[in-house]
Amino acid sequence: MKKIATVNKQEITVDTTSTEKKNLSDFHIFDLYSIENAGKYDIFVSMSDIYNDSLAIPEDIIQNQKTKTFAELKHFELTGIYREKLLKGTSLSETDTLFLYNYKEAKLQKFPIRDLRSVANLNLYTSEGEDISNYDYMIGFELNEPETSDRSVMDKTNNSLVYFGQESPFSGEKVVPVHWKKTSIDQFPLSLKNQRNLGDTYSAKFENLTYYLQDYKGEYGISKRQLAVVKDNKVIFEKTYTTGEGAEFSPLNFINNNEYNDWQWTGRLFKNKPPVVFGFVSESFGCPSITFLDSSYPDIYTDCDNRH
């Protein structure tokens, strides 16, 4: 089905034809953690979102925890059968590679899994003196060299994502901050007839795409945001963002007068896939999502091992 919206006396075609979703259930993108251990900071990738094994760590860790120091419980290497279990449980092998991609700088680093330590780290909400269970551990891999300061870790982990496999899925192109500007409400390409509580309208450009964002006002601020992406006078993508418990709207780049203008990002993040956009909602209890500007692709939720 197609419908027509009028913007500045130009007709914008809106294609709402449904398409079958592509299956990306096996396409896992991971966030990185900074873990402080013995005064140094390890860059760590938790696999616990996809690796669920009640015997992931040696039994004596739990059984004899009262006889161990907190440092001994907090962080240790997984060797032998426990490394084998991790590899099997995540469908990885020693010949696979950890691909670390900084999308801001378009910088790709490669770490062969055979060179990485498989480790267990207590999650950040477990304190010394508490009873510890298997569930309290994050299981995964840490990069080769520990860093001496939190700042140097942030330089490596900010704006970075991880993929495990034989070949990198990342495009090698920079992803850029979305540069929002306020615009008039009649610029928004989707019909707003009979809509109430309309807020501000914004637009931005990326290559041959124009992004429009419409705010809707609620009792306690913005209740939802509607995104429409136009190419060649045709709306090729639309999405509505809402918030909930533990989730709130991120500031808009170049609009909210904050010190940072790198909340929303867009670009060609992955090879042979449509451009993406992300960074509209900040999650406390969940993991952030990456949206493809093609309705046949589902959102990807990064594996961030977010637990409380």
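The model is predicted: local features need pLDDT of at least 70, side-chain atom pairs count only at pLDDT 80 or more, and totals for chains, interfaces and linings use all residues. Residues are numbered from 1 along each chain as its sequence is written, and side-chain values use heavy atoms, with hydrogens and water left out. The protein has 4 helices and 22 strands. Helices (H or I, at least four residues) and strands (E, at least two) are DSSP runs, numbered from the N terminus.

**Overall build**

- The C-alpha trace spans about 75 × 40 × 35 Å along its principal axes.
- The protein has 308 residues, and 46% of them count as buried. Buried means under 20% relative accessible area, exposed means over 50%, and partly exposed lies in between (1.4 Å probe, protein chains only).
- Take the contacts between residues at least 6 apart in sequence: 60% of them join residues at least 24 apart. Contact means heavy atoms within 4.5 Å.
- There are 35 positive and 45 negative charges, and their mean positions are 9 Å apart. Lys and Arg count as positive and Asp and Glu as negative, while His and the chain ends are not counted. A charge is placed at NZ of Lys, CZ of Arg, CG of Asp or CD of Glu.

**The largest pocket**

- The largest pocket holds about 1500 Å³ of space. Its lining has 45 residues, and Asp31, Tyr103, Asn159, Trp263 and Pro288 are the closest to the centre.
- A pocket is defined on a 1 Å grid over the protein atoms alone, as an open set of points where a 1.4 Å probe fits, with protein on both sides within 12 Å along at least five of seven lines; lining residues have an atom within 4 Å of a point. Grid points are joined across faces, edges and corners, and the volume is the space filled by probe spheres set on the points.
- Helix 4 gives the largest share of the lining, 6 residues.
- Helix 4 (150-157) is among the elements that each supply at least two lining residues; the others include strand 3 (33-37), strand 10 (160-165) and strand 16 (234-242). Strand 19 (276-278), strand 20 (281-283) and strand 21 (289-292) also belong to this group.

- Ala71 sits in helix 2 (residues 70-74). Ala71 counts as exposed because its relative accessibility is 59%.
- Ala71 and Glu128 are 57 residues apart in sequence, with 9.1 Å between their C-alpha atoms.
- Leu73 also belongs to helix 2. Its relative accessible area is 6%, so Leu73 is buried.
- Beyond its neighbours within four places in sequence, Leu73 is in contact with Ile61, Gln65, Lys68, Leu122, Ile132 and Tyr137.
- Leu73 and Tyr137 are 64 residues apart in sequence, and 9.6 Å apart from C-alpha to C-alpha.

**Positive phi outside glycine**

- Asn197 has phi near 55°, a positive value in a residue other than glycine. Asn197 lies in the loop between strand 12 (181-183) and strand 13 (198-206). With 53% relative accessible area, Asn197 is exposed.
- Asp305 has phi near 50°, again positive in a residue other than glycine. Asp305 is in the segment after strand 22 (300-301). Asp305 counts as buried, at 4% relative accessibility.

- Glu105 is in the loop between strand 6 (97-102) and strand 7 (107-112). Glu105 counts as partly exposed, at 46% relative accessibility.
- Glu105 and Lys85 are 20 residues apart along the chain, and 35 Å separates their C-alpha atoms.
- Ser93 is in the loop between helix 3 (81-89) and strand 6. Ser93 is partly exposed, at 27% relative accessibility.
- Leaving out neighbours within four places in sequence, Ser93 is in contact with Leu87, Ile113 and Gln166.
- Ser93 and Glu259 are 166 residues apart along the chain, with their C-alpha atoms separated by 43 Å.
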